[in-house]
Amino acid sequence: MLRTHDGGSLALLTDLYQLTMAYAHWRTADPEREAVFNLFFREAPFGQDFALACGLADVRDYLADFRFAPDDIDYLRTLTDARGGRLFDSAFLDYLAALRFTGDVEAVPEGTAVFPREPMLRVRAPILQAQLLETALLNLVNFPTLIATKAARMAAAAAGDPVLDFGLRKAHGPQAGVIAARAAYIGGCAGTANVLAGKLYGIPVRGTHAHSWVMAFDDELDAFLRYAEALPDNCIFLVDTYDTRAGVDNAIAAGRQLRERGHEMLGIRLDSGDLGNLAREARAKLDAAGFPDARIAASSSLDEHRIAELKQGGAPIVLWGVGTKLTTGAPDGALDGVYKLGAIRDDAGRWRQCAKRSDTVEKQTLAGSLQVRRFLDGDGRPLADWLYDDEVVGADFLAGRLLAGGEARGLPPAAATRDLLQPLIRAGQPVGAPPDLHAIREHATSECSAFAAVTDYEVALEARLADAQGDT
């Protein structure tokens, strides 16, 4: 879990209005009233149908360690209202000092395909606690989900070729670079140049050399030979510092000397120019010189569209280094994730479903304690998703049996099902051991493969949930 610069609490990773609402709940209402919040996104990024859920590892750690440290409380004591008085009563700050998260959280496993308006997280907790979590949970989930989804698109465009994350230097800060590297690996990148991410998460680290290495020597061939002397089994030469075609010739010359010493050149990297034509020319030169196994890598502001274009054009590039457009989630830049109240206990202890209404249709929300049921065919391929409220559906539905109307939607009565939201936190404590990162990546690959050929995928509301929307 990434922490503050001094390794302290992350309870203040929030917006002020979360604290003022919590204070108002504490002072004027019942802060222990149970509530349910659903975290979802309104629209999938990059114009596609779904996103890959990501970020749960940090969510798990954040919730398990949720607390206001003494210096957090000291800082809150300094805040003032518009008239210069103390913003918060001392008794409320004492309450916060003793506060720990005691609620339940269900979450869609990382790497799972999720559609708009489907909850990725569901928090069920005392209203004050649940409200305080909003900003941090969105911060911890939105960005990695965006990057994992972008990486999956790039991996799909590369059609089996390795895609490497080269984006740290363009990331929006050190923590963003590390988070992006993990998310990119889940989404399908084969490795990263980010050494800290490699250490923290066990992601394979990869890298060659930069133009500055070549420029530091009198000529390009000498630079390649010096690099080969130091790292004879790790030589992918960057050939476009001066003249790309001459650079390929110099790489071949260095490769011949490597071979005489019992080593093999791994390949070359192109970082500028007409990548398609340069790759074809380089491939011809490498093959003619007796280096058919030397790989051609490319970088240079790549995204999924440029990779697909080069692949379709027959460019003999087999390794892709992606940076800025991956790590910044370009062109979207952000996932439109939100965290909304779906239900709250009334004074009699009954659930009251809540929904936001708006003249902007996209900003309206669904009422209820939402769960997602995915229907699968006999081969495990997805058929449809139904959102339902597991507080109001009957036992038949909870047991996996369809309600009336399922067959009309093309769902066989005996269709296999799985509910996407799974326990993450129970009574404030993590459930089970966190999944292995490499297993998460395999799951994401499987999800992308399962949905690759799916069109017009239906996300519907279960009948009782649909009826409830008109009652809120």
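Figure 1. Residues 24 or more positions apart account for 74% of the contacts in the chain with a separation of 6 or more (a contact means heavy atoms within 4.5 Å). What you're looking at is a predicted model, where local features need pLDDT of at least 70, side-chain atom pairs count only at pLDDT 80 or more, and totals for chains, interfaces and linings use all residues. Residues are numbered from 1 along each chain as its sequence is written, and side-chain values use heavy atoms, leaving out hydrogens and water. Zoom out for a moment: the C-alpha trace spans about 85 × 60 × 40 Å along its principal axes. Of the 472 residues in the chain, 49% are buried (buried is under 20% relative accessible area, exposed is over 50%, and partly exposed is in between, using a 1.4 Å probe and protein chains only).

**Figure 2. The largest pocket.** This pocket has a volume of about 620 Å³. It has 25 lining residues, and F166, R169, R269, D271 and S299 are the closest to its centre. Sort the lining by type and you get seven nonpolar, twelve polar and six charged residues. In this sorting, Ala, Val, Leu, Ile, Met, Phe, Trp, Tyr, Cys and Pro are nonpolar, Asp, Glu, Lys and Arg are charged, and the others, Gly among them, are polar. How does a pocket differ from a cavity? On a 1 Å grid over the protein atoms alone, a pocket is an open set of points with protein on both sides within 12 Å along at least five of seven lines, while a cavity is a set where a 1.4 Å probe fits but cannot get out; lining residues have an atom within 4 Å of a point.

Figure 3. Rolling a probe the size of a water molecule over the atoms shows where empty space is left. Which residues line the largest cavity? They are C54, G55, A57, D58, N139, L140, P144, I179, R182, A183 and Y201. Helices α2 (56-64), α6 (134-158) and α7 (174-187) each contribute at least two residues to this lining. By type, the lining comes to seven nonpolar, two polar and two charged residues.

**Figure 4. T135 in helix α6.** T135 is part of helix α6. Is T135 buried or exposed? Its relative accessible area is 17%, so T135 counts as buried. Leaving aside residues up to four places away in sequence, T135 touches L13, T14, D15 and Q18.

**Figure 5. Two helices packed together.** Helix α10 (residues 220-230) packs against helix α11 (residues 244-260) at an angle of about 35°, and their axes are 9 Å apart. The axes are lines fitted to C-alpha atoms over the stretch in contact, and angles run from 0 to 180 degrees between N-to-C directions. From α10, the residues E220, L221, F224, L225 and A228 meet A246, G247, N250, A251, A253, A254, Q257 and L258 of α11. That contact is made of nine nonpolar, three polar and one charged residue.

**Figure 6. G103 and its neighbours.** G103 sits in the loop between α4 (90-98) and β3 (104-107). With a relative accessible area of 4%, G103 is buried. Beyond residues up to four places away in sequence, G103 touches R124, A125, Q129, I425, R426, A427 and G428.

Figure 7. Most residues other than glycine have a negative phi, and most peptide bonds are trans. A427, one of the residues that G103 touches, has a positive phi of about 50° without being a glycine. A427 lies in the loop between β17 (422-426) and β18 (429-430) and is exposed, at 54% relative accessible area. D456 isn't a glycine either, yet has a positive phi of about 55°. You'll find D456 in the loop between α16 (437-451) and β19 (458-461), exposed with a relative accessible area of 76%. Finally, A330 and P331 are joined by a cis peptide bond, with omega about 0°; P331 belongs to the loop between α14 (324-327) and β12 (337-345).

Notes: Helices (H or I, at least four residues) and strands (E, at least two) are DSSP runs, numbered from the N terminus. Grid points are joined across faces, edges and corners, and a volume is the space filled by probe spheres set on the points.
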